[in-house]
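Morning, everyone. I have one structure to go through today, and I will keep it short. Please have a look at it first.

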Number of protein chains: 2
Amino acid sequence: MTTDAVAPAAERLVEAAFALFEERGYDDTTVDDIAARAGVGRTTFFRHYGSKEAVIFPAHDGLLDRIAARLDAAATATIDLAVVEAARIVLRHYVGEGDRARQRYRLITSVPALRDRELAGQRQYQRLFAGRLRDRWDDADAGLRAELVAAGVVAAHNHVLRGWLRGDVTDPEAALDHAMSYVLAQATGDVETTTSVVVVQSRRSAAEVADTVRRALEH
Amino acid sequence: MTTDAVAPAAERLVEAAFALFEERGYDDTTVDDIAARAGVGRTTFFRHYGSKEAVIFPAHDGLLDRIAARLDAAATATIDLAVVEAARIVLRHYVGEGDRARQRYRLITSVPALRDRELAGQRQYQRLFAGRLRDRWDDADAGLRAELVAAGVVAAHNHVLRGWLRGDVTDPEAALDHAMSYVLAQATGDVETTTSVVVVQSRRSAAEVADTVRRALEH
DNA sequence: CGCACCTAGGGTACTGAGTACCAGACGAGC
DNA sequence: GCTCGTCTGGTACTCAGTACCCTAGGTGCG
């Protein structure tokens, strides 16, 4: 009924919020200010975003749904890889946001309330990861291992994302692969690993055997 | 000047808060209610605790200081073990609280605002761990590895603490040792490990070689 | 002794986030 | 035309958190 000429109210509120937070600072901006600049009423703000903090964050619900679907589609044996792919979905989302993500990062690093809020959002992903991993594993320490891997995946993702946001990382997906290699090594459970020495008898010389093994390992 | 007969105001406020939160629920308890039951003014509440949430949490500052001291005292080579010991300090603190810790756990699991607050507290420990680990390490991935280990230590600690709070774990320190073994395995960097196949020539039969190797491995 | 200073508490008034409730505008469908 | 659902605006309220000023007690010092 009002001027929908430019963009829907929800988007205009986000634009207004980012602009005002950057101009005047988070604490010196009221929800009234945001609503006024967006050309809507205060009520409309709270209808779209549950709190003043929420307006600068992406809609986690959609991402969480996509990730849950990805995890459910994974085979039990590759659930750890699926979790990594889920983290990649999140990373791609942030990278796809571009400047908006960088703007949010600047705000988060300077406003404690927003930092707390971001953490609360991340916990949802971590919980989802841990839950699905625990469901697929069935050893005695499944719960513990699931939580460790979930924490690792989130930490690795954050490390890479922060690097990209700061401009230190130019290829975030490659950096994610590298970071996740540490986490996956833990996930595959090298902890209780046993090493066996296999002895076989052959007429070939040591050099011949070494060559054969090397070729076999190299395919 | 007022009735200091029983306990100092700060403690009375904590008692009042826990009691009221349990009786009426967190949302249906106002700061005025808490102050009134503690027999102090509202101003006094905010003088001691920065927010309504803060009143049920332990003073992290003291713990963080002790932990920082413990970490600074550690040798570079054993910094990862020192982080584990730091986590043990925190665990002991909570276990030492006894029922109070269980009361808090009940509140945290049911009140989102308190959950967020707890997470914000944990981040401080995780940041401290990651920072000290990063300082002591100097390889290319030091920052990443430090964050992964810090996240793992916190996750392991939380897993054990939750188990104890729920009554599933009776010996939390032993459980911590066990959980930390997973984290430390990652910290010691098994990641870039290479496996070599050693081929040697011998006149002995496969059975003899296997026996010899087995005896050597068993000392 | 008197004075300055510090600490712990109390009271009042204000801002602003978040909630509840009601009312109007619009489009779709019957 | 009428109704239903959806989006919106406005008003009034609660309550957390802040700012400011006040009082009572204890302590050190000249």
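Read along the sequence, chain A runs α-α-α-α-α-α-α-α-α-α. In total that is 10 helices and zero strands. Keep in mind that this is a predicted model.

Now the packing of chain A. The chain has 219 residues, and 45% of them count as buried. Take the contacts in chain A between residues at least 6 apart in sequence: 65% of these join residues at least 24 apart. As for the surface, chain A exposes about 11,700 Å², with 50% of that supplied by carbon and sulfur atoms.

Next, the aromatic rings. How many aromatic pairs does the structure hold over all chains? The count is six. One of them is in chain B, between Phe45(B) and Tyr49(B), with 6.0 Å from centre to centre and 50° between the planes.

In chain A, ring pairs link Phe45(A), Phe46(A) and Tyr49(A) into a cluster.

Last, arginines over tryptophan rings. In chain A, Arg102(A) lies over the face of Trp164(A), 4.5 Å from the ring centre. In chain B, Arg145(B) lies over the face of Trp137(B), and there the distance to the ring centre is 4.3 Å.

That is what I have. Questions, please.

Notes
Residues numbered from 1 in each chain as written. Chains lettered and ligands numbered in written order. Predicted model: local features only at pLDDT ≥ 70, side-chain atom pairs only at ≥ 80, totals over all residues. Heavy atoms only, no water. Phe/Tyr/Trp six-rings, centres within 6.5 Å; stacked < 30°, edge-to-face > 60°. Lys NZ or Arg CZ within 6 Å of the ring centre and 35° of its normal. Helix = DSSP H or I, 4+ residues; strand = E, 2+ residues; numbered from the N terminus. Buried < 20%, exposed > 50% of the residue type's maximum accessible area, 1.4 Å probe, protein only. Contact = heavy atoms within 4.5 Å. Areas by Shrake-Rupley, 256 points an atom, 1.4 Å probe, with all protein chains shown as cover.
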